[in-house]
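Here's a quick tour for anyone opening this one up for the first time. Have a look at the structure below, then read on.

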Amino acid sequence: MKKIHSFARFAATSLALGLTLAGHSSVFAQAIFPIDRAAILAGSKFDFKVEFDRVVDAAKTRISINGIDAAKVLGAEPQFIFNEDGKKVSSFVLPGVMLDKPGSYDVVAVSGNARMQVTWEVYATGPRKAKNVILFIGDGMTVANRTAARILSKGIKEGKYLGRLSFDDMSNMALVGTSGVDSIITDSANSMSAYTTGHKTSVNALGVYVSRAKDNLAHPKVETITELIKRKTNMAVGIVSDAEVEDATPAGMVAHTRRRADKDIIAEQLFFSRADVIMGGGSAYFLPQTTPGSKRKDTNNLIDLFKLDDYAFASTDKEMKQAAANPKTRKLLGLFHPENMDGALDRHFLKKGTVPQFPEQPDLADMTRTAIEVLSRNPNGFVLMVEAGLIDKFNHPLDWERSVYDTIMLSNAVQVAKDFAAKNNDTFIMVTPDHTHGASIVGTIDDNKPGTEMRNKVGVYADAGYPNYPKANKDGYPEKVDVSKRLAFFYGNTPDYYETFQPKMNDPFVPAIKLTKDGPYVANPAYKDVPGAVLRTGILPQSADTGTHTADDGVLSAMGPGSERIHGFMDNTEIFRAMADSLGLAANANSTKMVKASKVVKPVTAAK
Amino acid sequence: MTIERREFLLSAAIPLLTFAPFAKAAESLKFAELYKSRTVMGMAFADRTLQLAGKPVDLAGYMAPPLKPEANFFVLTRTPVSVCPFCDSDADWPADIVVVYVKKAGSFLQDGSAVSVSGVLQTGSKTDTDTGFVSQLRIIDAVVKRL
Ligand SMILES: [Zn+2]
C-alpha cells in the first residue's frame, strides 16, 4: 500500500487553534512580517508585510522603523491592499526590501486604534573565512539512528566502539532547536527554510512567512542562501538529495511557497535558481503532462529547459560519472528516479522497493563526490547541500533498519566531503538533522531465547549483551541485517501497528492503513500473521498514518572554518547565520551607523 | 448496472450483485500489464494497452476516495491508497493510476474498496475541466462493481 504523507491535517489543526486564540475581538489576526525577534542578515532581501485586522485608511496609517517612515528607511513605497483577497482587511506590502545596517529595529504600525509592534535584529558578518560550505542534512536523523549506524557499521566490543562514523570526530557540536512559528513540531519544509534563510516559518512553508494570503505564492518571501549566493557572489551552488529534488529539504534551498506540495512549481523554481548542480529523484515533475508518468499540469519539459541552459543531464550512475569526468561540465542536472530514490539497504542488498525497475541509481556518496568535482571547478568556491532524505522516509514507517543503513550511507557521503576538505582546509562542513523522531535503542532481540513470545526475547540491561551482525563490508554495511541477535530499536510515537520484532526483508514497512475514507488508521493487517507479531496500540491520534516528528533537539556536528560558531544549544536559524558568517555575506555592512530615531513619522502613501 | 447511491448506503449490509451490461465480452486488463516500461523519462504504454484504446475493457483495482463529492470520476489504483492525496496535492498519486469516469455520478463506494471496472479504455493526456486533474489512462462510461 502506498503511503501518502498528508500534512494538510496539521495545518488545519493549527489554523483552527489560531482562530480560537485570536477570536476575542475579530476573526482576523493582525501581524507584521518578518515577525517579532526575527534576526535578519544585513543586505538580505525580504518582503515586508503589515496585516491589519480591519479595513484601514491608508492616509491615516503610519508604519515606522525606529521612528522613521518605513518607506524612507526601506527606499520604497508600500503597496496598499484595501481588501485583501476580497476580505474586510487591509494590508501593506513592501516587496524585496533590505536593511544594510546592523542593529535593532523597532517596527510600529498604527492606524486608528489598531497598533502593532515588532523588533528585528539585523546582523552583519565577519570577513569570509571559508571558500566552500557543505551542509549535510540527515533528514529526521535521531540520536538512535546515529548510535545504531555506529554499532552496525563499526562494531562495539566490551563497551568501546571499534570505529567512528565520519562525522563523529568533527571538532564542533551543538544541539539544535527545530520548532517553527506555528508549532513546536516542525516538518522538513520549515526546518530547512530556517537553515537556508535564517527566518523561522511554519509547517509546510518554504522561503516565506505564513501570512493570511490565499495564494500559496503570495506570502511574504525571505531570501534563500541560493539567491544570496547568486546575487552577491560568483560562487557555485549544488543541491543533492536521494529524495525527490522538489521534496521539502532540497526545495528549501530555492523555493518560495506556503505549500511544499507545490512540487511542479518547485521544479520550476529549481530551474530559475541557477543552482549549478541539482541531483536526486523526482523526474516526474520535470516531464510534460503529455508524457505518461508526468506529474506536471502543463506541457513544459523542464529537462529540455535545463539542457538548453547548458546543463549536462544524467539519469543513471554511469551517466552522472561520465558527465563529471568531462572537465568542461560546470552545470549538471541528475534525475535518477521519477519519485524518491531507493535506500541503501534495498539498493545494495535486498533489491526490493523499486530497485528492479531502477537498478542504476547512484549512491549518495557518489553523488556527493560528483557534485564536489563539478562545483569545485568554480574558482570562487561553492555552497553544497546534500540530503540523506530517506533516513526520515524510513523512520516514518518505523522501518529502522532501512533508516540506519541510510545513516551509514550519510556517513560515507560525509567522508567524501572530509577527504575533499582535507586538501585545503578551507571548507566548512556541517552534518545535522532537520528534526528528530521518537526512536530509541532499548537492547537486543535474541531469536534463540526460549519460547515463542517475541517480547520475551527482548534483552535489556545485562540480558541485552551485544548483537551478532557480521563485520561490515568495505562500504561500512553489514551484509546481513536479519541476524539472530539484533538491535531492539523501537519508536515511541506510533499509530496502531503489528510489531514483528524483525527487519522487513520484503518491501519497506507500512505500519497502518485506513480502511474507510473518514475512518481511523488501524494496524496494517498484512503483518498480522507474521510469526510472533503482536498488536501494539499506538499513542498518536488515529489520524496519524506513521510515526511522527518530535521536538527533541537534533545533534549537529561541524568542522572547518566557521565551525567555531557551532557549540552549545543553537536555534535552527543560527545555522544559516553560521553559513553566512563563514562566507562573509554581510562583511561590508557598516556597523557604526545605526538608523536614528526621529519624531517625525509621515503617513504611508498608498501605491497607485 | 451501476451502483446506485441507495445501494451504496445499503452496501455495508447487503453484498452487491451487479453485472456489467456489455453484450460483447470486454478484454480483461491487469494493472501490472498497463505499461511496458518505467524510466526517469516517463512511462511507456504496453502494446496491448494501446491496441485496446477505444475498446471495452475490465480492470480490477482499488477505488481511491473521490477527489470531491460531486466529481463524476474517481481514481483506480493498483493497491489501496489510504489518504485522499488530492486533499493535499494530486502530486502524490502513484504513477500508474487509472481515472474512471462513471456512467452515473454518485456511485462511489468511498471506502477504498476493491472493485472491478468495466468501460471503454482511453489513452493519452487529458485534464479534467472541473478539477484540473491530469490523467494518462482512463476508463470512460464505466460501471463499477464491488469485488
Ligand atoms: Zn518526515
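Let's start with a polar contact: a polar atom in the side chain of Asn378(A) sits 2.8 Å from the backbone oxygen of Asn234(A). Keep in mind that this is a predicted model.

**Around Asn378(A)**
- You'll find Asn378(A) in the loop that links helix H11 (364-375) to strand E18 (382-388) of chain A.
- Is Asn378(A) buried or exposed? With a relative accessibility of 10%, Asn378(A) counts as buried, because the cut-off for buried is under 20%.
- Beyond its neighbours within four places in sequence, Asn378(A) touches Asn234(A), Met235(A), Ala236(A) and Arg330(A).

**H11(A) with H13(A)**
- Helix H13 covers residues 400-424 of chain A, and its axis comes within 8 Å of that of H11(A), crossing at roughly 25°.
- H11(A) and H13(A) are therefore roughly parallel to each other, and their crossing is right-handed.
- On the H11(A) side, the residues involved are Leu364(A), Ala365(A), Thr368(A), Arg369(A) and Ile372(A); they meet Met409(A), Asn412(A), Ala413(A), Val416(A), Ala417(A) and Phe420(A) of H13(A).
- Sorted by class, that contact has 8 nonpolar, 2 polar and 1 charged residues.

**H4(A) with H14(A)**
- Helix H4 (residues 188-197) and helix H14 (residues 573-582), both of chain A, pack with axes 6 Å apart at an angle of about 30°.
- That angle makes H4(A) roughly parallel to H14(A), and the two make a right-handed crossing.
- Ala194(A), Tyr195(A), Thr196(A) and Thr197(A) of H4(A) make the contact with Thr573(A), Ile575(A), Phe576(A) and Met579(A) of H14(A).
- The class count here is 5 nonpolar, 3 polar and no charged residues.

Key
Residues are numbered from 1 along each chain as its sequence is written. Chains are lettered from A and ligands numbered from 1 in the order in which they are written. This is a predicted model: local features need pLDDT of at least 70, side-chain atom pairs count only at pLDDT 80 or more; totals for chains, interfaces and linings use all residues. Side-chain values use heavy atoms; hydrogens and water are left out. Helices (H or I, at least four residues) and strands (E, at least two) are DSSP runs, numbered from the N terminus. Buried means under 20% relative accessible area, exposed over 50%, partly exposed in between (1.4 Å probe, protein chains only). A polar contact is a pair of N or O atoms within 3.5 Å; within protein, one must be able to donate a hydrogen and the other to accept it, and residues adjacent in sequence count only if both atoms are side-chain atoms. Contact means heavy atoms within 4.5 Å. Axes are lines fitted to C-alpha atoms, for helices over the stretch in contact, and angles run from 0 to 180 degrees between N-to-C directions. Angles under 35 degrees count as roughly parallel, over 145 as roughly antiparallel, 65 to 115 as roughly perpendicular and the rest as oblique. A crossing is left-handed if the near helix is turned anticlockwise from the far one by less than a right angle, and right-handed if clockwise. Ala, Val, Leu, Ile, Met, Phe, Trp, Tyr, Cys and Pro count as nonpolar, Asp, Glu, Lys and Arg as charged, and the others, Gly among them, as polar.
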